[in-house]
Amino acid sequence: MIKLQDITKVYGTGDAAFQALHGLSFSVADGEYAAIMGPSGCGKSTLLNILGLMDQPTGGEYLLAGHRVDDLSDTLRTGVRRDTLGFVFQSFNLLPRMTALANVCLPMGYAGVPNEERIARGKRLLAKVGLKDRGHHTPLQLSGGERQRIGIARALANEPKLLLADEPTGNLDSKTAVEIMELFKELNDEGMTVILVTHDRAVADRADHVIHIKDGLVLKEER
Ligand SMILES: Nc1ncnc2c1ncn2[C@@H]1O[C@H](COP(=O)(O)OP(=O)(O)O)[C@@H](O)[C@H]1O
Ligand SMILES: [Mg+2]
């Protein structure tokens, strides 16, 4: 699904330049459940932003589903991101005034899903994450775990090939975190490729492939 070769990232220029990634190489196969693990500041979010086509590497090659994507134009990158990737965030990033169902359906508009299909698909996704009867609630009326379930349903809105999550359990208590990890596992069992970032060993242990990062480099991989 993804192959990274010698990925580097330098923020800023001149005296203010800071190198966050120092030449990372690893692969994640189709259907894998992978965790990128490492201490705070080691470059996990930088790496996930590159994987998610939200930022470009300074050097190296990134193959996504067999295609080079590190050197795409902004327009192409946006299209590939919308059609191929789903994102789950630590702080959920839901729109507080919109219902759960409206939050889930939002990305479908950008992808041109026909109006009449959006609601049906949104309801199906809410049922999939165990929130069948919560579609009319707003995020403030829901618990942290329920909010993250909505975040996951929204990430699935455009039927991505790859689900990316940056510290998806970072704002949850440990019991709820386990439930969210189980949900990722269920999605993975249905064939979804999942890559999540965590600094938490207990979270990483639930993945099939752990990529340990330190100081912007791959320290080791466990499968
Ligand atoms: N936009 C930026 N400009 C300059 N430095 C940055 C920027 N974003 C992150 N960094 C630096 O890059 C390093 C890695 O950050 P990050 O990828 O957020 O780490 P992690 O997610 O593992 O905590 C840190 O030293 C951080 O300060
Ligand atoms: Mg981070």
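The crossing of helices H3 and H5 is right-handed (the near helix is turned clockwise from the far one; left-handed would be anticlockwise by less than a right angle). This is a predicted model, in which local features need pLDDT of at least 70, side-chain atom pairs count only at pLDDT 80 or more, and totals for chains, interfaces and linings use all residues. Residues are numbered from 1 along each chain as its sequence is written, while chains are lettered from A and ligands numbered from 1 in the order in which they are written. Helices (H or I, at least four residues) and strands (E, at least two) are DSSP runs, numbered from the N terminus.

**Helix packing**

- Two packed helices are described by the angle between their axes and the distance between the axes.
- The axes of H3 (residues 100-110) and H5 (residues 144-155) come within 7 Å and cross at roughly 30°.
- That makes H3 roughly parallel to H5 (angles under 35 degrees count as roughly parallel, over 145 as roughly antiparallel, 65 to 115 as roughly perpendicular and the rest as oblique).
- Axes are lines fitted to C-alpha atoms, for helices over the stretch in contact, and angles run from 0 to 180 degrees between N-to-C directions.
- From H3, Ala100, Asn103, Val104, Leu106 and Pro107 meet Ile150, Ala153 and Arg154 of H5.
- Contact here requires C-beta atoms, placed from the backbone, to lie within 7 Å.
- The residues of this H3 and H5 contact divide into six nonpolar, one polar and one charged.
- Ala, Val, Leu, Ile, Met, Phe, Trp, Tyr, Cys and Pro count as nonpolar, Asp, Glu, Lys and Arg as charged, and the others, Gly among them, as polar.

**Six-stranded sheet**

- Six strands form an open sheet, ordered S6-S7-S8-S3-S9-S10, with mixed pairing.
- Strands pair if DSSP finds at least two bridges between them.
- S6 (85-88) and S10 (217-222) stand at the edges with a single partner strand each, so one side of each is left without a neighbour in the sheet.
- Direction ignored, neighbouring strands of this sheet are turned by 20° against each other on average.
- S3 (residues 33-37) and S8 (residues 193-198) run parallel, joined by five bridges.
- Tyrosine 33 stands opposite valine 194 in S8.
- H5 lies across S6 and S7 (162-166), and runs at about 170° to S6.

**Four-stranded sheet**

- Four strands form an open, antiparallel sheet in the order S2-S1-S4-S5.
- Its edge strands are S2 and S5 (67-68), each pairing on one side only.
- Eight bridges join S1 (residues 2-11) to S2, and leucine 4 stands opposite phenylalanine 26 in S2.
- The hairpin of S1 and S2 has six residues between the strands, and glycine 12 there takes a positive phi near 70°.
- Five bridges join S1 to S4, where threonine 8 stands opposite glycine 59.
- Two bridges join S4 (residues 59-64) to S5, and leucine 64 has histidine 67 as its bridge partner.

**Ligand 1 shell**

- The residues around ligand 1 are Tyr11, Gly12, Phe18, Ala20, Gly38, Ser40, Gly41, Cys42, Gly43, Lys44, Ser45 and Thr46.
- The criterion is a C-beta atom, placed from the backbone, within 6 Å of the molecule.
- Strand S2 (18-28) and helix H1 (44-51) each supply at least two residues of the shell.
- H1 gives the largest share, three residues.
- The shell divides into four nonpolar, seven polar and one charged.

Technical notes:
Contact = placed C-beta atoms within 7 Å.
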